[in-house]
Amino acid sequence: MRPDLDDAALRRYLLGLLPEAEAEALEEAYFARSDVLERVRGVEGDLLDDYASGRLEPGEKGAFESRYLASAPLRERVVAARALRLATADKRGPAVRLVAPVRWRVPLAIAAGLLVAVLAFWIRPPRSPQVTSASVPPDSAGPLETPLPRSAVPVGPSGAPTPTTSARQTATRPLVLALSPVLLRGQERPAQLRIPDGTDTVVLELEGDPALVPPSVSALQAIVKTVEGGPVWLGDARRMTDARRPSLLASAGVPAERLGPGDYLLTLSVRGPADGTLYSYFFRVGR
Amino acid sequence: MPAKDAGRGLTAGAFASLLTRLDPDAERAGSAYEHLRRALVSFFAWRGAATPEDCADETLDRLATRLDDGVAVEDVPRFARGIARMVLLEHWRRPDVRGVPLEELGSGPATVTEAPDDDALPQCLDRCLDELAPESRGLILEYYGGEGRSRIDRRKRMAQARGASENALRSRAQRLRDQLERCITRCMASPVGDTKS
């Protein structure tokens, strides 16, 4: 192995950020020598743990998620790292630790690397003042504007409908699913959604730190993929402002027909040739 | 010795050729084979293959067949890596693993898979930790605990306390981690949280 390939370089390899020539040299080395392979695997273990602990820098986090969450075998390692992290966080006993409530930390601290998975649901009547100002602003009309769903049922952490809703709620009540950036899938359960037949669109409200979003001349886009990396939807994310919800950045209307049961990763980014990824969000559509 | 691999579709002669080329000594050949397979599985996983184990086995099959055919190979691991790159390219060409450009998405519903139940994770973790020997459980929790400088220092102390090198300790921790990972994966995939394969 080249002497200049230190742990940081191995980390870049695992994130897919190492130049191809160096990556090939490294691969040649770990094919030939078991100690090199062990070393790369050791660096991978620390990388996984850093992700599970919310210690990755934003650039690393994006690269990590696009690689490790897009592949089922690598995702299993993420799950194992989550488990290991939970087990090592407090050695008094995993069962006690794992059922302890996870506190919601303020989104503005996300940039500092805190792990937050905050999920909230809002059920609001269409065209009400609250919806107009908070989720569907009057200036949101445009070629990509999507209608609100006729109905949808949010579900709680147990998978059952939340107390405020039921599967028989009226068809005219739309669901807006608010998502905070999830730095660690499973630190809390992902936002869950059950979409009844006849629903047209699921409106996802995307939260984060407004200070990290470039000026309004830059268009935002949302890309939804399955956690396996399968493409689902690409479209504009409309900027949103609401004095009552300063962390609300944008919303995206995703056709409900694209969201079958499963886990999804939504990436909010600045439209352009360069990688302008701002935040990633997880959500789950139940059966 | 991975005798099961000989029944994967390879002839016994081809498998023997591969082992002999890896090392004339049978025991060392077995170790070399295991390393090569681990390297292949890691390579395919890190390169994003959907089925790293299958790709690794396909690579080994082709490698053994070529060796058995008498192809002159100077550097077996390097030759294996060359085959692996071809297998990876073929893997990506398969329709069932090939992605569709977002721009080409049609109007049909997306195909997605059901996600594992996160509720199962704490239970699976407990069960899998219970399957480890107490000393191993203590080692893995201590080795992967902490962060940054304190973690590095802790690992040094752990190695010193055990009279082992840091590399040896890392290998041991990695093996335990692999074992725990396999157990958790099995458990999460099982409807009743079974940790046995």
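Predicted model: local features only at pLDDT ≥ 70, side-chain atom pairs only at ≥ 80, totals over all residues.
B:Cys187 belongs to helix α9 of chain B. Its C-alpha atom is 8.2 Å from that of B:Cys128. In sequence, B:Cys187 and B:Cys128 are 59 residues apart.

B:Leu180 also sits in helix α9 of chain B, which spans residues 166-189. Around B:Leu180, 24 other C-beta atoms lie within 10 Å, so B:Leu180 is buried. B:Leu180 and B:Cys124 are separated by 56 residues in sequence. In space, the C-alpha atoms of B:Leu180 and B:Cys124 are 9.9 Å apart.

The contacts of B:Leu180 involve both chains. Residues up to four places away in sequence are not counted here. In chain B, B:Leu180 touches B:Cys128 and B:Ile140. In chain A, B:Leu180 touches A:Ala80 and A:Leu84.

The contact between the chains takes 55 residues from chain A and 45 residues from chain B. On the side of chain A that touches chain B, several helices and strands each supply at least two residues. The helices are α2 (20-32), α3 (34-52), α5 (72-89) and α6 (94-99). The strands are β6 (220-226), β7 (231-239) and β9 (262-270). Helix α5 of chain A gives the largest share, 13 residues. By class, this side of chain A has 25 nonpolar, 12 polar and 18 charged residues.

Key. Residues numbered from 1 in each chain as written. Chains lettered and ligands numbered in written order. Helix = DSSP H or I, 4+ residues; strand = E, 2+ residues; numbered from the N terminus. Buried ≥ 20, exposed ≤ 12 C-beta atoms within 10 Å, placed from the backbone. Contact = placed C-beta atoms within 7 Å. Nonpolar A, V, L, I, M, F, W, Y, C, P; charged D, E, K, R; others polar.
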